[in-house]
Amino acid sequence: MGKIRVVVAKLGLDGHDRGARVISRFLRDAGMEVIYTGIRQSPEDVCRVALHEDADLIGVSILSGAHNALVPRLIAELERSALDIPVVVGGIVPDDDIDFLRSKGVRAVFTPGTPVEEIVKTVNAIVEEKRAG
Amino acid sequence: MRSLKKKERDKLIGDFRSGSVAALARLLSLCESESRSRRDLMSSIYPVENQPFVLGITGPAGAGKSSLINRLLFVFRKRFERIAVLAFDPTSKLTGGAFLGDRVRMAEHIKDEGVYIRSMADQGRAGGVGAGIHDTIGLLSAFGFEMVIVETVGTGQSESDVRLIADLVLVVLTPGFGDEIQAMKAGILELGDLFAVNKADQPDAERTETEIKASLALGRSQTAEAPPVFATVATQGRGVVELAGCLLEKYQELGREGVIDARRSKRVEAHVEEMLKEHCAMLVASEIKAFRTKRAKAAGRINPYRLAGALISKIFKAENNAKKD
């Protein structure tokens with residue numbers, strides 16, 4: 001099986017993508033192929049990118065506070081398209097919202113300060129589990 | 001590591017044939033990996049009747065290739081129902097990872113059902129495109145795309161593979177690309193059927209255009225036409241309609257002259273050659289490994305010519321027996 005392909009996505013109107021770029025770089029340095037969507041993507045757009053790119057995982061970077069609205073829409077869109085692609089979220093997410101996102105199917109939430117090694121490890125584990133399917 | 005079972009393979013090919021984009025995407029990933037199951041899988045898609053217009057786009061990093069493709073897509077979509085873009089970026093030789101960011105510039109097309117964009121890593125191969133490129137294009141052809149645009153990595157002087165896989169090559173350069181000497185030296189000028197000097201709103205654009213034209217005309221007989229050079233500003237769309245029109249005209253012209261057919265049969269030739277080399281390299285590697293463990297200490301008693309000859313006979317014998325089974 002080939003390299004792990006991760007789509008790093010910026011959902012919604014939030015245009016600050018420094019975090020997304022930094023995380024892309026670390027995932028790349030961990031030997032993954034990282035496809036970046038660019039800023040201001042809708043859940044439908046991200047779903048289509050993941051479809052085109054045969055993504056193993058989608059990493060959503062979000063700082064705007066709209067995660068509770070947008071991330072479940074992305075997951076619903078993936079289901080509608082019959083795409084079994086795990087979603088993780090990174091960014092400013094209050095503790096109270098983490099359980100909500102997880103209940104909607106988000107596999108992991110990384111808040112500021114999460115060590116890079118942990119993110120890489122988690123991504124690897126989720127993809128391996130899925131590929132072993 | 002998980003290899004595909006026959007049942008899964010059949011389902012994948014079935015879904016692909018009935019037009020599933022997910023199946024296409026999966027197969028494109030698979031044809032990058034090296035395995036025996038890949039060969040069986042890919043073999044089942046040939047022969048492919050549909051022959052799309054394969055346009056190769058190359059040029060230095062930062063020349064604006066992706067942005068230009070973004071604009072060209074709007075024009076080409078008026079002519080073609082379905083277009084695929086393969087956007088190559090380099091794989092890190094240190095980590096094996098890759099950051100694929102070309103589609104950011106083409107994000108406007110994400111809602112267009114007629115456009116399929118795929119980011120590809122070159123897997124550290126020189127030549128501007130990745131391994132498995134022939135099968136990649138084969139898959140896109142079999143899927144029914146009428147046009148395939150291949151954007152190479154932006155390295156500058158070594159994208160010669162694009163010549164071999166494309167029907168037509170567009171080279172994108174920028175003002176200040178280099179003086180005339182540089183233009184003559186750079187192999188890039190031999191690759192192009194057409195040239196674009198992008199970012200033509202920058203100073204020095206005209207001079208660059210003139211220099212490229214001069215370099216291209218050099219040594220050509222009076223009757224031989226030099227490749228056309230266009231000034232474009234991709235971010236504003238300037239010159240793009242003219243460039244697209246000329247690309248289509250040139251494609252038709254070369255088609256009438258039989259050049260496109262000749263290039264396509266060269267492509268098949270290269271594909272077969274690559275497959276043969278790959279296969280032989282695999283056999284050689286396993287023989288060398290066996291040799292290393294068995295006779296590594298007998299250097300003084302070995303005639304390398306005889307040994308190589310014996311190994312070649314052994315390989316062919318083993319292959320023949322494998323075929324009979």
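Predicted model: local features only at pLDDT ≥ 70, side-chain atom pairs only at ≥ 80, totals over all residues.
How many residue pairs are in polar contact between domain 1 of chain B and domain 2 of chain B? The count is three, with both residues of each pair at pLDDT 80 or more.

## Domains of chain B

Chain B is divided into domain 1 (1–45), domain 2 (46–257) and domain 3 (268–324).

The size of an interface is often given as the accessible area lost when the parts come together. For domain 1 of chain B and domain 2 of chain B, the buried area is about 1500 Å², and 66% of it is on carbon and sulfur atoms. Three residues, L28(B), E32(B) and I45(B), supply 44% of the area that domain 1 of chain B buries against domain 2 of chain B, more than any other three residues.

## A cis bond in chain B

Which kind of peptide bond joins Y46(B) and P47(B)? The bond is cis, with omega about -5°. P47(B) lies in the loop between α3 and β1 (53–58) of chain B.

## Where chain A meets chain B

In the contact between the chains, 25 residues of chain A touch 27 residues of chain B. The area buried between chain A and chain B is about 2400 Å², and carbon and sulfur atoms give 52% of it. Between chain A and chain B there are 18 residue pairs in polar contact, both residues being at pLDDT 80 or more.

The side of chain A that touches chain B draws two or more residues from each of α1 (18–29), β2 (33–36) and α2 (43–53) of chain A. Of these elements, α2(A) gives the most, with six residues. The residues on this side of chain A divide into eight nonpolar, seven polar and 10 charged.

Strands also pair across the two chains: β2(A) runs parallel to strand β3 (residues 98–100) of chain B, and three bridges join them. In this pairing, E33(A) stands opposite A98(B) in β3(B).

## Salt bridges

Side chains of opposite charge can pair when their charged atoms come close. The structure holds 27 salt bridges over all chains, and five salt bridges are found across the interface of chain A and chain B.

E53(A) takes part in a salt bridge with R103(B), at 2.6 Å from N to O. The side chain of E53(A) also meets that of R5(A) in a salt bridge, at 2.7 Å from N to O. E53(A) lies in helix α2 of chain A and R5(A) in strand β1 (residues 5–10) of chain A, so this pair ties together parts that are 48 residues apart in sequence.

## A positive phi in chain A

Phi of A82(A) is near 55°, a positive value in a residue other than glycine. A82(A) lies in the loop between α3 (67–80) and β4 (87–91) of chain A.

Key: Residues numbered from 1 in each chain as written. Chains lettered and ligands numbered in written order. Heavy atoms only, no water. Domains from an automatic or database assignment. Buried area = accessible area lost by both parts, 1.4 Å probe. Polar contact = N/O pair within 3.5 Å; in protein donor to acceptor, adjacent residues only side chain to side chain. Contact = heavy atoms within 4.5 Å. Salt bridge = Lys/Arg side-chain N within 4 Å of Asp/Glu carboxyl O. Helix = DSSP H or I, 4+ residues; strand = E, 2+ residues; numbered from the N terminus. Nonpolar A, V, L, I, M, F, W, Y, C, P; charged D, E, K, R; others polar. Pairing = 2+ DSSP bridges.
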